[in-house]
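Welcome, and please have your viewer ready. We will go from one selection to the next, with a short note at each stop.

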Amino acid sequence: MTNAIFTGLMLGGMYALIAMGLTLQYGVARIMNLSYGEFLVAAAFSSYWLFTGWALNPLLGLALVIPAGFGVSLLLYRVLLTPLVRRARTRGALEVDSILATFGMMFIVQGIMLSMFGGAYFSYSFLAIPVSLFGEILALNRLIAFGLAVAVGLALYLALTRTRLGTSIRAVAVDPMAAQLVAIDVVRTSAFAFALGGALVAAAGVLISMFLTFSASSGVIFTMKALIVVVMGGVGNLLGCLVAGLALGLSESLVATFVDPGLTLAVNFALFLGVLLVKPAGLFGRAQR
Amino acid sequence: MLEVADISVAYGQHRALTDAGLSVGRSEIVVILGANGAGKTSLLKAIAGIVACLPGKRVTLSGRDIAGLPAHEIVEAGLALVPEGRGIFADLTVAENLLLGANPKRARDGEAARRERVLALFPRLGERLGQTVRTMSGGEQQMVAIGRALMSNPDVLLLDEPSLGLSPLLVRELFASLRKVRESGVGLLLVEQNARESLAIADRGYLIENGKITGSGTGTELMSNDAVQRAYLGGIVASAV
């Protein structure tokens, strides 16, 4: 039981981290990024390549992969998405356009990874050392990944709530029209938020690659889980990401341990639908008027 | 300080504003009177860069050409708009709204002192810094909107129907606050339906009808103007009293 809860919390922490990047991209920049999971897998492959090819510790690899994730996402926003932003009359129109554009992007990124690495599953062994915690045996790499996920999430939360730049990012999320009135460049801020989301998903990809097997085509699972967490927690709400992520991780782990591992996806969606029936705007979301 | 000429705005086939022009000086309150749909809001939004204009407009602020700048750079140049419906961040707190108000680079120096002045002007905001704006009354939200605009250190403040939805007592309080803002050297341009109260504090005013400026004068001139009497001050009854 304790082990199932620990595993669930650690899994949930990762889900929360994954979802935080998407909630920035969707909640602030209004880009519904369907290629989100592909970028996570690309970061995982980068980490794999750095570890096996250059013997670079994945934790040090973060220092390379995170800025790369930021840069690539910024470029993507500037080149592919800015034209859509400029022509969109409403945020709704931008969402639809961005879904189509990033759906195409998904196949491009996936295709590149398939041609480079093939369709096989990859993993590497890094700090797969058992440690004992509260009488339970847990893998050190999972513990470190969880700890870093918590640290990144906390840092992001503080940055968004305690700094002027962070507050202006939230201002764009809640009211882009009013944001212009306080001299916020909405397109630039959106680009920054999108790139920050890219940096977060890169971090998540590296951390996940330390303990999970992945393949060129596993991105869609991560997109789906991130989307469930974002919508369940309330779009644009970091606290919602945390709570919904942990709830998802816990329910998966408990069901896999006590019922049937094959039912985890079903439980994901049951939880998702259950929350949306009671709170259509998500746990921490505010209904649109 | 603010000079505007030849502003025209069209929404599709509908012409909302034709060759409008006006000026606002330092420490001056200027009011625009007009019926619903006359083009008042379009005029303010066009000056603030929020709606696109037909070619040919000229807008200068303290001699600097600001026509065609994007909205966020116009704020940076020293012009702040309090739009109809207030345009504040309802999901954020009072303190966060004021922090964001000081987002323009021109507002960073002396931010603390300006915040003190805003809180002295609207003491109620000081008591409610941590409150989410959505949960406040209409009058308090208007204070947040004006306070936030003042935090941007504007040379000219544009207000779109600030008295809308406020009780007569609150309107009087609000206009008294605007007078104090004028004393600090800011020029104010306000659009109003409440002609009596707004002309009482105005130095000058313009009349707008069907998208055209049709008249102008000092506050007292407009107060006694026949057309204004008829349209906004209750006509014969008012003049007989």
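A salt bridge here is a side-chain nitrogen of Lys or Arg within 4 Å of a carboxyl oxygen of Asp or Glu. Over all chains, the whole structure holds 15 salt bridges. You are looking at a predicted model, where local features need pLDDT of at least 70, side-chain atom pairs count only at pLDDT 80 or more, and totals for chains, interfaces and linings use all residues. Residues are numbered from 1 along each chain as its sequence is written, chains are lettered from A in the order in which they are written, and side-chain values use heavy atoms, with hydrogens and water left out.

**Stop 1: a pair within chain A**

Select A:R30 and A:E95, whose side chains form a salt bridge with N and O 3.0 Å apart. A:R30 sits in the loop between α1 (2-27) and α2 (36-54) of chain A and A:E95 in helix α4 (91-117), so the pair ties together parts 65 residues apart in sequence. Helices are DSSP runs (H or I, at least four residues), numbered from the N terminus.

**Stop 2: where the chains meet**

Now show both chains. Contact (heavy atoms within 4.5 Å) involves 20 residues from chain A and 23 residues from chain B. Together the two chains bury about 2,000 Å², 63% of it on carbon and sulfur atoms; buried area is the accessible area (1.4 Å probe) that two parts lose on being put together, summed over both. On the chain A side, pick A:R164, A:L181 and A:V182: these lose the most area to chain B, together 37% of what that side buries.

Which residue of chain B forms a salt bridge with A:R164? Select B:E111, with the closest N and O atoms 2.6 Å apart. Between chain A and chain B there are two salt bridges. Next, colour α6 (164-174) and α7 (176-181) of chain A, each supplying at least two residues of the side that touches chain B. The largest share of that side, six residues, comes from α6(A).

**Stop 3: a nonpolar patch**

Finally, select A:L154, A:Y157, A:L158, A:L239, A:L242, A:V243, A:L283 and A:F284, which make a nonpolar surface patch of about 630 Å². Such a patch joins nonpolar side chains (Val, Leu, Ile, Met, Phe, Trp, Tyr) within 5 Å, from residues with over 30% relative accessible area and no salt bridge.

Terms used
Patch = residues over 30% accessible without salt bridge, like charges linked within 9 Å, V, L, I, M, F, W, Y side chains within 5 Å. Areas by Shrake-Rupley, 256 points an atom, 1.4 Å probe, with all protein chains shown as cover.
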